[in-house]
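Biologist: I'd like a walk through this structure, feature by feature. Could you give me the general idea each time, then the case at hand?
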Amino acid sequence: MFNRDTWREIFATIGKNKLRTFLSGFTVALGILIFITLYGMGNGLINTFDQFFSQDATNVIYVFPGRTSLPYKGYKSNRTIEFDNTDLADIKTNFPMFLEHISPIIRRSALAKYKQESNTYTTFGVDWGQQFAEKTVIMKGRYLNHRDIEEKTRNAVIGRLVEIDLFGAENALGKYIDLGGSVFKVIGVFQDEGGDNEERQIFIPYTTRQLIEKNTDEVDQLVVQFKPELGYTGAMALESNLRRFLKDKKYIHPDDRNAFFIRNVTDNLKQNQEFAGALQLIVTVVAFGTIIAGIIGISNIMVYVVKERTKEIGIRKAIGATPKTVISTILLESVFITTISGFIGMLIGIGLLRSLGDNLADDYFITNPYISIGVAVFATVLLIVFGAVAGYVPARRAARIKPIVALRDE
Amino acid sequence: MPTMIEIKDLHKSYQMGSNSLHVLKGINFKAEAGELVAIMGSSGSGKSTLLNILGMLDEANSGDYILDGVPIKNLNETKAAQYRNKFLGFVFQSFNLINYKTALENVALPLYYQKVGRKEREAKAMRYLEQVGLREWANHLPSELSGGQKQRVAIARAMASEPKVLLADEPTGALDSTTSYEVMELIQQINDQGNTILVVTHEEDIAHMCKRIIHLRDGVIVEDKKIKQKRASEYVQ
């Protein structure tokens, strides 16, 4: 079956029936090419998705204050809930197993001035650990540290665009800016991929902010960073424990849903991952639809090829070809063509994905499209195998036709 | 001379819907080695059916067929293909050459199925092409050959496997008379070398170039006579 003569015969047939060879090869190559491109693009979409949601740390729970909506333990409804430093300390002592860090946020709008330049920015009074919750990247200088918080220093970390706005080409490090009437020293400049807004922020120690505001101990939000080892279930458990703890402490009705709000990044992340998973599934279904279309295409061509060759098969049988020889020659020929062109399509597809790289990232949300070699080879082999099966049926029928029928005049 | 073909009480009918068409109604005849037999008859007389059965391209419903002492019966496709390859050579009215193969490749094809090596195959095919006078045309495709040349390639192909019997179904049916005589001359030469040949034809002059004429009418042999052979070379200028 695999001797040189057989292959010589097959190559002769392939070489002399170029249109037929081209048609079946093209179908297979195109099918694989479309499959790989689609599948790779789908992966690129998911990459973009992952990037979107990996900008902030995922082991963070945000707690925002609200107003009560139910009366409880002698308190009327519509009571404003506020957080203060004791809440920070209490959470720290009650959840030591879970916590990595807890930081408050005090958000204030402030006019910042440096020489002639001035602009209004959002300032955030934060703890030193906030750097990790937001994955703030320091370009130069440093972030706030323990000392800043404890000693209530007048140090500020400004965004890249704040530096450009206020200092122009000057280096902001070590310079002093007027921030809502108080003077702060710029100790660091950060950058953030989140966009322009996030680079127009200013971080100061929350203790300094409280000192400026008549030594209050109130804070706006709580940013709870938990240990990443907790995973999704741990994070959800922590969230509900935290909820119960705060409701208890602040005398809030257990069913009150408006007293404060919790945003759990892990939960969002999971939803987004599920969405990405659904996307992946759709892409996979469409891609395999393409493969099935390719299989149907190659089957049709095989039926046509065998029909076209019926007379030739009759001639061959009349001069001594056995049915087995006839079938194996037709099949080897078709498998050979589909294998070669399938792998050509595969290589072109992979090359195409490689060359795309990040070119589509900005306009089409497709980042670094790729397909694993395993999936690509599997799809190609699938197409080859089904092409062979599809060819076998008509080939066997043709081989069974009596030569007298096949030779009956046109 | 030993008996090459022997058939006894051969019957064949075709099922046409609910009707059965009885084509061969008990054929008996013997052909000895080296005979050149013409099978004549009007269309529908069953002559092509008879030839197809002799060529194992079709099967009889009943009766015996013995080819060179081998009973041809209950053949599966594979066996039939092997017998055809070993015992028989075919020449068809419409040549039936494979159109994308050159004359040489067409002639070599039966040898390929006999698993003859490539070099030997090509040398042998070239010898037979030479015998039919087409050595210079060896590398031409059938579409580049005239009808007479195609038929001569087909004859070379039939002879290449050195069959016991050469079966020709209207070999001159698609050719003009000059070319027909040339083809018949070739067939006579091959017969002169001792090959057994059966020719189905409905042309009297072609039949008279054989050594024996069998007349078929309505599925039975009505006449079976030996004749004095007319040499085709007499007609060829």
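Biologist: Which residues in α1(A) meet which residues in α3(B)?

Modeller: First, some ground rules: this is a predicted model, where local features need pLDDT of at least 70, side-chain atom pairs count only at pLDDT 80 or more, and totals for chains, interfaces and linings use all residues. Residues are numbered from 1 along each chain as its sequence is written, chains are lettered from A and ligands numbered from 1 in the order in which they are written, and side-chain values use heavy atoms, with hydrogens and water left out. Contact means heavy atoms within 4.5 Å, and helices (H or I, at least four residues) and strands (E, at least two) are DSSP runs, numbered from the N terminus. Here D5(A), T6(A), E9(A) and K16(A) in α1(A) meet E105(B), L109(B) and Y112(B) in α3(B). The residues of that contact divide into two nonpolar, one polar and four charged. For those classes, Ala, Val, Leu, Ile, Met, Phe, Trp, Tyr, Cys and Pro count as nonpolar, Asp, Glu, Lys and Arg as charged, and the others, Gly among them, as polar.

Biologist: At what angle do α1(A) and α3(B) pack?

Modeller: Axes are lines fitted to C-alpha atoms, for helices over the stretch in contact, and angles run from 0 to 180 degrees between N-to-C directions. For α1 (residues 4–16) of chain A and α3 (residues 103–113) of chain B, the angle is about 145° and the axes are 13 Å apart.

Biologist: Now the cores. Which residues have the most contacts inside the largest nonpolar core?

Modeller: In soluble globular proteins, nonpolar side chains tend to be buried together. A nonpolar core is a set of buried Ala, Val, Leu, Ile, Met, Phe, Trp, Tyr and Cys residues joined through side-chain atoms within 4.5 Å; buried means under 20% relative accessible area, exposed over 50%, partly exposed in between (1.4 Å probe, protein chains only). The largest one has 55 residues, and I5(B), I7(B), F29(B), L50(B), L54(B), L67(B) and L198(B) have the most contacts inside it. Strand β2 (residues 19–32) of chain B gives the most to this core, with five residues. Apart from it lies another core, of 44 residues, including Y128(B) and I227(B).

Biologist: And the sheet: in what order do its six strands come?

Modeller: Two strands pair if DSSP finds at least two bridges between them. In chain B the order is β6-β7-β8-β3-β9-β10, an open sheet with mixed pairing. β6 (88–91) and β10 (220–226) are the edge strands, each pairing on one side only. From one strand to the next, the twist averages 15°. Four bridges join β6(B) to β7 (residues 165–169) of chain B, and the two run parallel; V91(B), for one, has A168(B) as its bridge partner.

Biologist: Which helix lies across β6 and β7 of chain B?

Modeller: That's α2 (residues 77–87) of chain B, running at about 85° to β6(B).

Biologist: Is K47(B) buried or exposed?

Modeller: K47(B) sits in helix α1 of chain B and counts as buried because its relative accessible area is 6%. Leaving aside neighbours within four places in sequence, its contacts include E170(B), T201(B) and H202(B).

Biologist: Where is K115(A) placed, and is it buried or exposed?

Modeller: K115(A) is in the loop between β3 (99–114) and β4 (117–126) of chain A, and at 60% relative accessible area it is exposed. Its phi is near 50°, a positive value in a residue other than glycine.
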